[in-house]
Amino acid sequence: MDNMNFKSLKSGLTIMFSMVAIWASAQIVTDKTNKIVIDYKGVELNTSLPTIDWVFPKVEYTNTQENYVQLKAIITSSIPLKSVMLDVSLGENGRKIGSRAGEIDDPFNVQIDLTMNVIKGQNWIELTATNEEGGIVKEHRSIMVGLDAIGDAVTIDRKDYALLFATNRYDNWNDLVNPIFDAEAIGKELEDRYGFEIEIVKDPNQDQVMTKLREYAQRKYKPQDQLFIFFAGHGIYDEVFGEGFLVARNSIINDVSKNTYISHNRIRSNINNIPCEHIFLAMDACFGGTFDPVLASSRSALYDDIDDKAYLVKKLSKRTRKYLTSGGKEYVSDGVRGSHSPFAKSFLEALKTYGGEDRILILDEIKLYMERLSTTPRFGEFGTDENGSDFVFVAN
């Protein structure tokens with residue numbers, strides 16, 4: 001949420017909390033953080049805040065090459081709505097280029113549904129709902145328009161994240177020697193050479209894995225942001241269920257129902273729903289190839305000789321849901337203590353090429369290294385992957 005500055009106020013109080021009913025004469029809420037700005041003017045008032053539900057664009061940051069965009073939002077309130085206003089500015093702090101008031105046929109439920117012309121650059125769209133008792137809610141959407149603007153966002157306003165799960169110690173299974181060693185080495189390479197923001201979760205139990213994935217699902221991502229997720233540890237396959245599972249630290253060996261394990265189906269669904277456009281999942285675990293029964297048969301599209309910015313725009317213009325596993329329906333080696341697993345070793349070798357002369361490492365280049373493994377690695381897509389999408393590692 002943006003901090004709201006009011007020079008004319010003689011007294012104000014900013015409180016961090018998530019209540020929707022408070023004593024105040026004006027309440028203003030936006031959607032970036034949990035801050036609520038309260039202005040006391042001497043008249044006490046108890047009210048609840050309106051709710052804004054964006055139907056499209058669903059995510060906070062999007063981009064397009066079209067000169068128009070579809071906007072749809074539903075505003076509901078238990079207190080009659082006084083006004084609904086849509087403001088458009090050129091950038092977050094730029095000049096206002098248009099406004100439109102919403103029609104309030106039903107004071108408790110207002111819909112905004114329109115096609116709006118947009119201009120090149122960043123279109124900052126802010127929706128403000130005010131109820132009859134002074135409760136105000138503000139939410140925004142940022143829409144980047146035009147190849148040049150998107151290209152600038154790719155090279156300047158983009159972040160890469162890496163979330164790595166590694167389990168050496170198990171409560172019931174045999175311990176392993178290399179997962180944490182592998183994750184730390186991969187994480188360091190991604191952080192030092194590729195500028196990733198990394199997090200390593202060591203020896204997690206089932207609940208810790210799912211809680212961390214949920215945390216990443218609640219983050220806000222921009223259109224060109226990328227998320228790399230890595231799992232290293234035990235994996236199993238259940239012939240009866242016809243399903244592969246990751247083994248958590250607290251998984252029970254004789255758990256017939258597999259309630260203490262993490263199914264590939266659950267992982268696939270949860271990761272697919274993370275609101276990041278570009279996700280690449282790598283699994284260094286036995287039976288990892290059972291993650292998806294359908295293997296990708298096509299390689300990423302080849303592009304003409306274009307500059308790096310345009311190349312990245314093309315690579316990051318489509319939704320990515322790719323996976324790589326260390327083997328198929330088989331056991332894979334953990335390696336010996338002090339030496340990386342075969343999968344991690346090949347993956348690190350690919351990372352250390354730094355993508356060659358253009359300093360951009362793509363999945364096809366990583367595949368060349370992984371195909372040298374004695375066990376057959378599996379490459380594919382899952383969820384809402386778009387044909388021709390890719391994941392890129394841009395070296396410093």
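Below is a chat about a predicted model of one protein chain.

Biologist: What should I know about the numbering and the model before I start?
Modeller: Residues count from 1 along each chain as its sequence is written, and side-chain values use heavy atoms, leaving out hydrogens and water. The model is predicted, so local features need pLDDT of at least 70 and side-chain atom pairs pLDDT 80 or more, while totals for chains, interfaces and linings use all residues.

Biologist: OK, how many helices and strands are in the protein chain?
Modeller: Seven helices and 24 strands. These are DSSP runs numbered from the N terminus: helices are H or I with at least four residues, strands are E with at least two.

Biologist: And what share of the residues is buried?
Modeller: 52% of the 396 residues. Buried means under 20% relative accessible area, exposed over 50%, and partly exposed in between, with a 1.4 Å probe and protein chains only.

Biologist: What's the strand order in the six-stranded open sheet?
Modeller: The order is E15-E14-E16-E20-E21-E23, with mixed pairing. Two strands pair if DSSP finds at least two bridges between them.

Biologist: Which strands stand at the edges?
Modeller: E15 (197-202) and E23 (378-381). Each has a single partner strand, so one side of each has no neighbour in the sheet. On average, neighbouring strands here are turned by 15 degrees against each other, direction ignored.

Biologist: How do E14 and E15 pair, parallel or antiparallel?
Modeller: Parallel, over six bridges, with E14 covering residues 160-166. Phe-165 has Val-201 in E15 as its bridge partner.

Biologist: Which helix packs on that side, touching E14 and E15?
Modeller: H3 (residues 206-217), which also touches E16 (226-232). Its direction makes about 175 degrees with that of E14. Contact means heavy atoms within 4.5 Å, and the axes are lines fitted to C-alpha atoms, for helices over the stretch in contact, with angles from 0 to 180 degrees between N-to-C directions.

Biologist: What does H6 lie across?
Modeller: H6 (residues 342-351) lies across E16, E20 (278-284) and E21 (320-325). H6 runs at about 140 degrees to E20.

Biologist: What about phi at Asp-203?
Modeller: Asp-203 has a positive phi of about 50 degrees, though it is not a glycine. Most residues other than glycine have a negative phi. Asp-203 lies in the loop between E15 and H3.

Biologist: Is Asp-203 buried or exposed?
Modeller: Buried, because its relative accessibility is 8%. Tyr-354 also has a positive phi, about 55 degrees, and counts as buried at 18%. Tyr-354 is in the loop between H6 and E22 (360-362).
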